[in-house]
Amino acid sequence: MNELPVSACFSPSIDTDAQSMLKMLLRTIRDIKNGGEMGFSSVLRRSFSVRSRTVVDMGDKDGELRVFMVAGEVSGDSIASRLMASLKKLSPLPIRFSGVGGPRMSKEGLESLFPMEDISVMGIWELLPHLNKFRVRLKETIEGAILFQPHVVVTVDSKGFSFRLLKQLRARYGWQELNGPLHFHYVAPSFWAWKGGEARLKGLANFVDHILCILPNEEAVCKLNGLDATFVGHPVLEDIFEFNLGKQASPHDLKIEGNSEDFRRKYALSSVASLEGAAVISLLPGSRLQEVIRMLSIFAHTFDQLKDSIPELITVIHVAPNKHVENYIDGVIRKWPVPAILIPGGHQHLKYDAFSASRIALCTSGTVAMELQLARLPCVIAYRAHILTEWYIQYKAKIPYISLPNILTDSAIIPEALFQACTPTNLASLLMKLMHNKGLQEEQIVAAENVIKLLFPSERIINNLEEQMEWKFPNCTPSMIAASTILSHVKS
């Protein structure tokens with residue numbers, strides 16, 4: 001795989017130049033429509049042309065670009081908010097957003113139809129108690145999208161809700177013989193993890209126009225199954241860009257170093273850090289209320305066992321920006337077995353400062369595993385679900401790992417305690433072994449650099465988009481590539 005030079009990815013943003021170029025292209029299109037001189041002769045051959053309607057072309061007719069976005073998870077809220085910011089930077093037209101999202105999307109201008117947490121349910125049997133609310137919210141979302149009359153619909157992850165929405169929207173527009181919006185889905189379904197997963201991709205082409213992939217090789221497999229797709233890079237790369245903003249980064253800067261000293265001073269940990277046998281452990285229990293309730297109970301018993309072996313033990317608990325999760329952890333922390341520090345969600349620098357001050361981490365499987373890779377913080381990954389969901393996963397999964405770093409390297413670099421093996425005794429043993437074995441820690445740190453490199457899109461993808469849009473990317477973060485892919489997409 002040809003990786004994109006990192007120095008090209010993290011140059012300072014020049015949004016005004018990007019907007020100017022897109023505006024120039026749009027003026028050329030208008031000149032052509034009005035019978036004026038062609039200006040850019042290649043415009044007719046590129047995606048921004050009168051013979052092939054792009055997303056920008058569709059919005060130009062209405063004087064604005066209407067984008068309906070849906071995210072159902074904390075990670076999806078982060079991905080979608082960055083995409084919204086990138087769309088606003090690149091679009092030559094005013095953009096209006098509607099849909100469903102969380103606090104980060106709200107900051108970018110989205111007024112959510114209802115709280116995102118209402119559709120934040122993962123699992124099979126876990127969904128059953130929420131089915132009625134799920135159906136009601138799906139109907140409200142469909143009606144909201146129809147009323148908004150979007151040019152583009154973008155769903156982010158949460159495939160259970162997202163694919164039902166896109167399928168029913170496409171059907172509604174078909175019944176009414178209306179010219180519907182383009183459908184984009186950001187984060188490809190993990191077809192590679194399941195038996196028969198690839199075969200199920202074929203049906204998606206009926207209601208998904210383009211998949212924005214976050215992992216290598218997904219794009220090629222999607223295209224083989226009739227799905228238009230682009231590998232835009234993994235969203236965790238955005239953290240690198242934000243921490244290196246205004247700086248030229250080298251290939252050796254594929255990591256984030258927080259300020260451990262500031263963190264220790266802020267939380268009066270300097271004296272603890274100097275004690276022999278003391279330890280600060282970061283704990284990341286998840287972002288959905290169901291999983292946090294299940295996992296935090298296991299983690300509490302784990303730390304209850306560890307406190308006898310580690311007399312000066314401090315837990316740094318990272319709280320997801322989910323109001324139900326925040327309220328639950330506020331209640332549980334009163335009976336926590338060891339001293340604890342709560343880190344509120346949405347504070348990126350504070351999070352990485354906490355990682356830097358920690359010796360190791362314990363986390364529920366999810367996006368946080370990749371963030372820990374960026375921080376080069378060795379960790380143990382844990383996961384439990386409803387017993388029937390666990391049985392289904394074990395029966396249907398075709399890969400032995402659950403965490404992305406292990407999946408990408410096809411090796412158990414990071415210890416995983418899954419399902420029935422996810423017990424306080426087992427977790428305590430794994431954490432003690434990792435904490436006292438420098439070799440195991442170094443294995444994770446070395447592997448992390450290789451994992452992060454795999455997450456960059458290839459030069460071919462960047463070059464193709466630059467040819468379509470006829471300008472050089474000011475930066476090539478995943479959200480910028482995704483936004484450019486959307487804006488330059490040709491509607492057949």
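Accessible areas here come from the Shrake-Rupley method with a 1.4 Å probe, and for residues only the protein chains shown count as cover. By that method the protein exposes about 21100 Å², of which carbon and sulfur atoms supply 52%.

The model is predicted: local features need pLDDT of at least 70, side-chain atom pairs count only at pLDDT 80 or more, and totals for chains, interfaces and linings use all residues. Residues are numbered from 1 along each chain as its sequence is written, and side-chain values use heavy atoms, with hydrogens and water left out.

Begin with the whole protein, coloured by secondary structure. It contains 21 helices and 14 strands, taken as DSSP runs numbered from the N terminus (helices: H or I, at least four residues; strands: E, at least two). Of its 492 residues, 54% are buried, meaning under 20% relative accessible area.

Next, select strands β8 to β13. These 6 strands form an open sheet with parallel pairing, in the order β10-β9-β8-β11-β12-β13; two strands pair if DSSP finds at least two bridges between them. The edge strands, β10 (340-343) and β13 (416-418), each pair on one side only.

Now focus on β9 (residues 313-318), which is joined to β10 by 4 bridges, the two running parallel. Within this pair, I317 stands opposite L342 of β10.

Finally, select helix α16 (residues 387-396), which holds Y392. Is Y392 buried or partly exposed? Y392 counts as partly exposed because its relative accessibility is 31%, and that class lies between the buried limit and the exposed one, over 50%.

Note on methods. Buried < 20%, exposed > 50% of the residue type's maximum accessible area, 1.4 Å probe, protein only.
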